Amino acid sequence: MAKADLTTNSYHTLSTLDMSIRAFVEFAHVLPEEDRFAPLLLVLADRIESDFTAIRNDTIRLLALLEEDDERA
């Protein structure tokens, strides 16, 4: 049961973080090009989004492995 709670909590945490990152990316893309911070925010948004995608994919694979271990036990 504890693993199921951890899996559920991890999923919800990742979903919440995903929404925050998407909001930041959208914000970065609507800034006017004249804004002196627009290029920096675009780079940061793309980098954060890319890093998050990698973490999310690794977490999904890890949770799948934990589930397989539970099924074997």
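**View 1. Leucine 66 in helix α2.** Leucine 66 lies in helix α2, where helices (H or I, at least four residues) and strands (E, at least two) are DSSP runs numbered from the N terminus. With a relative accessible area of 31%, leucine 66 is partly exposed; buried means under 20% relative accessible area, exposed over 50%, and partly exposed in between (1.4 Å probe, protein chains only). Leucine 66 and alanine 45 are 21 residues apart along the chain, and their C-alpha atoms are separated by 31 Å. The model is predicted: local features need pLDDT of at least 70, side-chain atom pairs count only at pLDDT 80 or more, and totals for chains, interfaces and linings use all residues. Residues are numbered from 1 along each chain as its sequence is written, and side-chain values use heavy atoms, with hydrogens and water left out.

**View 2. The protein chain as a whole.** The protein chain contains 2 helices and 0 strands. Its radius of gyration is 17 Å, well over the 11 Å that the globule rule gives for 73 residues, so the chain is more spread out than a compact globule. The radius is taken over C-alpha atoms, and the rule is 2.2 Å times the number of residues to the power 0.38. Along its principal axes, the C-alpha trace spans about 60 × 15 × 10 Å. Of the 73 residues in the chain, 15% are buried. The accessible surface is about 5,900 Å², with 61% belonging to carbon and sulfur atoms; such areas come from the Shrake-Rupley method with a 1.4 Å probe, and for residues only the protein chains shown count as cover.

**View 3. The largest nonpolar core.** This core has 9 residues: Leu14, Ile21, Val25, Ala28, Leu31, Ala38, Leu41, Ala45 and Phe52. Two or more of its residues come from each of α1 (2-30) and α2 (38-72). A nonpolar core is a set of buried Ala, Val, Leu, Ile, Met, Phe, Trp, Tyr and Cys residues joined through side-chain atoms within 4.5 Å.

**View 4. Phenylalanine 52 and aspartate 18.** Not counting residues up to four places away in sequence, phenylalanine 52 touches Leu14, Leu17, Asp18 and Ile21, contact being heavy atoms within 4.5 Å. Aspartate 18 is in helix α1 and counts as buried at 17% relative accessibility. Leaving aside neighbours within four places in sequence, aspartate 18 is in contact with Phe52 and Arg56.

**View 5. Glutamate 49 beside Ile21 and Val25****.** Glutamate 49 belongs to helix α2 and is partly exposed, at a relative accessible area of 31%. Its contacts, apart from neighbours within four places in sequence, are with Ile21 and Val25. Between glutamate 49 and valine 25, the C-alpha to C-alpha distance is 7.6 Å, at a sequence separation of 24 residues.

View 6. Valine 30 is found in helix α1 and is exposed, with a relative accessible area of 64%. The C-alpha atoms of valine 30 and leucine 42 are separated by 9.8 Å, the two residues being 12 residues apart along the chain. Aspartate 35 sits in the loop between α1 and α2 and is partly exposed, with a relative accessible area of 27%. From aspartate 35 to threonine 53, 18 residues apart along the chain, the C-alpha separation is 27 Å.

**View 7. Charged side chains.** The protein chain carries 7 positive and 15 negative side chains, and the centres of the two sets lie 4 Å apart. Lys and Arg count as positive and Asp and Glu as negative, while His and the chain ends are not counted. Each charge is placed at NZ of Lys, CZ of Arg, CG of Asp or CD of Glu.
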